[in-house]
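Student: I would like to go through this model term by term. For each label, show me the value and the rule behind it.

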Amino acid sequence: MVREDGKRNFALRESSGEESSVFSGNTPRQAALKAARRLEPGSSEESAERVELKLREKGTDKVHIYDGWAWEETAPDDKPDWMPGEITEANVSKKGIEHLDE
């Protein structure tokens, strides 16, 4: 379901089927990146734990499945004053789409 501003809402699904959070974005990947930033960060991208993320697009039966991971990184030198020295970066890799039978 597309909002007036062109963004879509995606609910993060737990393995039990419960939907705990909603992330918005123009694409499913954008919402998955937002969800991945909330994961426990590793010390580097290589050591970060990969976690399966399932995002159901609100208003549809589509569930987008990603592997997501997050890590800590030093903020860039030209960072704004309000930004902390260590920031959380994230990445995702799409695994596929499922359709709910509900």
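Student: What pattern does the protein follow, read along the sequence?

Tutor: The pattern is β-β-α-β-β-β. That is 1 helix and 5 strands. Helices (H or I, at least four residues) and strands (E, at least two) are DSSP runs, numbered from the N terminus. This is a predicted model, where local features need pLDDT of at least 70, side-chain atom pairs count only at pLDDT 80 or more, and totals for chains, interfaces and linings use all residues. Residues are numbered from 1 along each chain as its sequence is written, and side-chain values use heavy atoms, with hydrogens and water left out.

Student: What makes E1 and E2 (residues 19-25) a pair?

Tutor: Two strands pair if DSSP finds at least two bridges between them. E1 and E2 have 6, in the antiparallel sense, so they pair. Within E2, glycine 25 is the bridge partner of arginine 8. The hairpin has 5 residues between its strands, and glycine 17 in the turn has a positive phi of about 95 degrees.

Student: Which strands does E4 (residues 62-74) pair with?

Tutor: With E3 (residues 51-57), E4 pairs in the antiparallel sense over 6 bridges. Glutamate 52 stands opposite aspartate 67 there. With E5 (residues 86-99), E4 is joined by 13 bridges, again antiparallel. Valine 63 faces glutamate 98 across that pairing.

Student: And how many bridges join E1 to E3?

Tutor: There are 4, and the strands run antiparallel. Alanine 11 stands opposite arginine 56.

Student: Why is glycine 68 called buried?

Tutor: Buried means under 20% relative accessible area, exposed over 50%, partly exposed in between (1.4 Å probe, protein chains only). Glycine 68 has 0%, so it is buried. Glycine 68 lies in E4. Its C-alpha atom is 5.3 Å from that of valine 51, 17 residues apart along the chain.

Student: Why is arginine 13 called buried, despite its charge-bearing name?

Tutor: The rule looks at area alone. Arginine 13 has a relative accessible area of 15%, so it counts as buried. It is found in strand E1 (residues 8-13).

Student: What does the side chain of arginine 13 make a polar contact with?

Tutor: The side chain of glutamate 19, at 3.0 Å. A polar contact is a pair of N or O atoms within 3.5 Å; within protein, one must be able to donate a hydrogen and the other to accept it, and residues adjacent in sequence count only if both atoms are side-chain atoms. The value is inside the cut-off, so the label holds.

Student: What makes the largest nonpolar core a core?

Tutor: A nonpolar core is a set of buried Ala, Val, Leu, Ile, Met, Phe, Trp, Tyr and Cys residues joined through side-chain atoms within 4.5 Å. The largest one has 14 residues, and Phe23, Ala36, Leu53, Leu55 and Val92 have the most contacts inside it. E1, helix H1 (28-36), E3, E4 and E5 each supply at least two of its residues. H1 gives the largest share, 4 residues.

Student: Which residues is leucine 53 in contact with?

Tutor: Contact means heavy atoms within 4.5 Å. Leaving aside neighbours within four places in sequence, the partners of leucine 53 include Leu12, Ala32, Ile65, Gly68 and Val92.
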